[in-house]
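Welcome to these exercises on reading a protein model. Take a look at the structure below, try each task yourself, and then follow the solution.

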Amino acid sequence: MSNYTVERIKVVTPDKVELMPKVFKPNEEIKDNLVVVLVHPYSILGGRQALLKGIASGLAENGHRAVTFDMRGVGESTGRASLTGFAEVKDVIAVCNWVSEHLDSHRILLVGSSAGAPIAGSAVDQIGQVVGYVSLGYPFGMMASILFGRHHKAILQSSKPKLFVMGTRVGFTSVKQLNKKLSSAAGRNEIYLMEGVSHFEMEGPAYDAEMVKLILKFISSL
């Protein structure tokens, strides 16, 4: 029997898109009022909130509330997915506003996986309650930048604490590209490299437990 519960909710964005998030809540004592909001990978390539269930449940089992949601055009959420992810930034902001109001939380950690990382990154400084940011495989590389390059500036200029987790096997971003991008980034920036792990392996359930540990350690530093 799991020691967390899952509540399904509905959030409506300012442009009338209906989102269907899930809130993962510890059955035991909640450690603090920080809530982790997780943003799934690229919708057009099959990204959905179910991919983040393992991380969300692991956080709940460790005393932290976590929220996943299908962005517009995915699952039961209405609307249409966008190519560059800018429409989805509205979804992130709407969910965080709901968290702040209904979960009585004034501290939110945004976690973005793959293409969810640039989308979440663009929302970080638009939400006052966000106190930190974790990227799981930010696609900084040249090809991915055709789609997501206009998101880079927002997160690199944010002064809020940031953690970038990346596999070292060549994928959308090389270690050299990551270091170059972060060399001029504002605020506190941490890098955690997963040796021999590819971009898409990181998205799989085999690494959920390690992601949970990294996120929990980062939370403790906020």
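**Exercise 1.** Leaving aside its neighbours within four places in sequence, which residues is Ile 9 in contact with?

*Solution.* Before we start, note that this is a predicted model, in which local features need pLDDT of at least 70, side-chain atom pairs count only at pLDDT 80 or more, and totals for chains, interfaces and linings use all residues. Residues are numbered from 1 along each chain as its sequence is written, and side-chain values use heavy atoms, with hydrogens and water left out.

Step 1: find Ile 9 in the loop between β1 (4-8) and β2 (11-12). Helices (H or I, at least four residues) and strands (E, at least two) are DSSP runs, numbered from the N terminus.

Step 2: list the contacts, meaning heavy atoms within 4.5 Å. Ile 9 touches Leu 19, Met 20, Pro 21, Val 23 and Trp 98, with neighbours within four places in sequence left aside.

Step 3: compare sequence and space. Ile 9 and Met 20 are 11 residues apart in sequence, and their C-alpha atoms are 5.8 Å apart.

**Exercise 2.** Is Tyr 4 buried or exposed?

*Solution.* Step 1: locate Tyr 4 in strand β1.

Step 2: recall the cut-offs: buried means under 20% relative accessible area, exposed over 50%, partly exposed in between (1.4 Å probe, protein chains only). Tyr 4 has 15% relative accessibility, so Tyr 4 counts as buried.

Step 3: look at the surroundings. Beyond four places in sequence, the residues in contact with Tyr 4 include Phe 24, Pro 26, Lys 53 and Glu 61. From Tyr 4 to Pro 26 the C-alpha distance is 4.3 Å, although they are 22 residues apart in sequence.

**Exercise 3.** Which backbone atoms does the side chain of Ser 105 reach?

*Solution.* Step 1: go to the loop between α2 and β7 (107-113), where Ser 105 sits. Ser 105 is buried, with a relative accessible area of 0%.

Step 2: search for polar contacts (a pair of N or O atoms within 3.5 Å; within protein, one must be able to donate a hydrogen and the other to accept it, and residues adjacent in sequence count only if both atoms are side-chain atoms). The Ser 105 side chain reaches the backbone oxygen of Asn 33 at 2.5 Å and the backbone oxygen of Arg 107 at 2.8 Å.

**Exercise 4.** With which side chain does the side chain of Ser 82 make a polar contact?

*Solution.* Step 1: Ser 82 is in the loop between β6 (65-68) and α2, and is buried at 18% relative accessible area.

Step 2: the partner is the side chain of Glu 88, at 2.5 Å. The side chain of Ser 82 also reaches the backbone nitrogen of Gly 85 at 3.0 Å.

**Exercise 5.** At what angle do helix α2 and helix α3 pack?

*Solution.* Step 1: two packed helices are described by the angle between their axes and the distance between the axes. Axes are lines fitted to C-alpha atoms, for helices over the stretch in contact, and angles run from 0 to 180 degrees between N-to-C directions.

Step 2: α2 (residues 86-102) and α3 (residues 116-123) pack at about 65°, with their axes 9 Å apart.

Step 3: name the residues. Phe 86, Glu 88, Val 89, Val 92 and Ile 93 of α2 meet Ile 119, Ser 122 and Ala 123 of α3.
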